[in-house]
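Hello,

Here is the structure I promised to pass on. My notes follow below it.

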Amino acid sequence: MHTAKLGPIGVFDSGYGGLTILSEIRRQLPQYDYIYLGDNARSPYGTRSFDVINDFTLQAVKYLFKQGCPLVILACNTVSAKALREIQQHYLPTCDDPSKRVLGVIRPTVEAVGEYTKTKHVGLVATPGTVSSHSYKTEVGKLFPEVHVQEQACPMWVPLVEYGESDKPGADYFVRSYTQELLKQDPLIDTLILGCTHYPLLRPKIREAIPEHIEIIAQGELVAASLDDYLHRHPEMQVRLSQGGSVSYRTTECPEKFEELASLFTGTDVDAQRVKIDQV
């Protein structure tokens, strides 16, 4: 029996987008304690090499483990696509406590695809990094080989969100141009995966830009439901989590800058502290 001290759930993202995942997890599982870590000083990760993303993610995971988190969610598609497997297969078995766990956001999203699509044609909008990794295509192919995934990189969407433009008229052009490009390539799409954690902030505009019959899948609710299910299936992990209903925000950037933008994503005031993770 594991007698370790109870600890919070760690939620990591290279920037701010993971806050949309955290908000939904806290809505569905409010009883647990959480630490959110944003590596804002070095984001975005999307343009970086595989090795660098691995190194940065490993630093973040080690930091959160050191803070007492027995479970870490990589609430970032780029990181889930490029670093999750490496960490699960090579780092966890050799770390000081191999019973700790790291989970991603791609698998829970993909698992839901089968429930949504009738035409077996699914669209994915994501960052260039996630699209070039073809992680969604690969994972959907494993679970639902009959489903065709059409990918569309949307390089302008994250900057629009981070500059506070997601609800402004200027965003309309970029939302329409990428979604039209996607539907031109595959008009049979009936399900659209928002494969980036920033994109829920653009959801109202995406909804306006695409036909009504196309179902939009945002990750937050799926990841939260998947985590709830995971904890039911793994009571040995559930009993290691502290339940004080608290959340602590950490950033590698200036806290004031983080707080200002983070409140856009959470809809509430955020109090953050700056931490260094590259020396863990």
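Asp97 is buried, with a relative accessible area of 14%. The cut-off for buried is under 20%. Please keep in mind that this is a predicted model. Asp97 sits in the loop that links helix H4 (84-91) to E4. Phe65 is 32 residues away along the chain, yet the C-alpha atoms of Asp97 and Phe65 are separated by 9.3 Å.

**The sheet**

How many strands form the open sheet, and in what order? There are 6, in the order E4-E3-E1-E2-E9-E10. The pairing is parallel. Strand E4 (101-103) and strand E10 (272-274) are at the edges. Each has a single partner strand, so one side of each has no neighbour in the sheet. On average, neighbouring strands are turned by 25° against each other, direction ignored.

Now the pair E1 and E2. Strand E1 covers residues 9-13 and strand E2 covers residues 34-38. They pair in the parallel sense over 5 bridges. Val11 has Tyr36 of E2 as its bridge partner. Phe12 stands opposite Leu37 in E2.

Is E1 enclosed or open? 5 of its 5 residues are buried, so E1 is largely enclosed by the rest of the structure. In a regular strand, side chains alternate between the two faces of the sheet. Both faces of E1 are covered. Ile9, Val11 and Asp13 are buried on one side, and Gly10 and Phe12 are buried on the other.

Helix H1 (residues 18-28) lies across E1, E2 and strand E9 (247-251). H1 runs at about 170° to E2.

**Cores**

The largest nonpolar core has 54 residues. Those with the most contacts inside it are Ile9, Leu19, Leu71, Trp157, Ile206, Leu227 and Phe258. Take Leu71. Leaving aside residues up to four places away in sequence, Leu71 touches Pro8, Ile9, Gly10, Arg101, Leu103, Leu227, Tyr230, Leu231, Met237 and Leu241. There is also a second, separate core of 25 residues. Phe56, Val61, Val102 and Ile277 are among them.

**H5 and H11**

Two packed helices are described by the angle and the distance between their axes. For helix H5 (residues 106-116) and helix H11 (residues 219-233), the axes come within 9 Å and cross at roughly 105°. H5 and H11 are therefore roughly perpendicular to each other.

Which residues meet here? On the H5 side they are Pro108, Thr109, Ala112 and Tyr116. On the H11 side they are Gln219, Leu222, Val223 and Ser226. By class, this contact has 5 nonpolar, 3 polar and no charged residues.

The buried residues of H5 are Ile106, Pro108, Thr109, Val110, Ala112 and Val113. They pack against several elements besides H11. Among the helices are H3 (77-82) and H7 (135-143). The strands are E5 (121-126), E7 (191-194) and E8 (215-217).

**Thr191**

Thr191 lies in strand E7. Its relative accessibility is 0%, so Thr191 counts as buried. Leaving aside residues up to four places away in sequence, Thr191 touches Tyr116, Thr117, His121, Val122, Gly123, Ile214, Glu215 and Ile217. Thr191 and His213 are 22 residues apart in sequence, and their C-alpha atoms are 8.5 Å apart in space.

**Backbone points to check**

Most residues other than glycine have a negative phi, and most peptide bonds are trans.

- Pro44 is in the loop between E2 and helix H2 (50-66).
- Lys120: phi is near 65°, a positive value in a residue other than glycine. Lys120 is in the loop between H5 and E5. At 31% relative accessibility, Lys120 counts as partly exposed.
- His134: phi is near 55°, again a positive value in a residue other than glycine. His134 is in the loop between helix H6 (128-133) and H7. At 37% relative accessibility, His134 counts as partly exposed.

Best wishes

Key
Residues are numbered from 1 along each chain as its sequence is written. This is a predicted model: local features need pLDDT of at least 70, side-chain atom pairs count only at pLDDT 80 or more; totals for chains, interfaces and linings use all residues. Side-chain values use heavy atoms; hydrogens and water are left out. Two strands pair if DSSP finds at least two bridges between them. Helices (H or I, at least four residues) and strands (E, at least two) are DSSP runs, numbered from the N terminus. Axes are lines fitted to C-alpha atoms, for helices over the stretch in contact, and angles run from 0 to 180 degrees between N-to-C directions. Contact means heavy atoms within 4.5 Å. A nonpolar core is a set of buried Ala, Val, Leu, Ile, Met, Phe, Trp, Tyr and Cys residues joined through side-chain atoms within 4.5 Å. Buried means under 20% relative accessible area, exposed over 50%, partly exposed in between (1.4 Å probe, protein chains only). Angles under 35 degrees count as roughly parallel, over 145 as roughly antiparallel, 65 to 115 as roughly perpendicular and the rest as oblique. Ala, Val, Leu, Ile, Met, Phe, Trp, Tyr, Cys and Pro count as nonpolar, Asp, Glu, Lys and Arg as charged, and the others, Gly among them, as polar.
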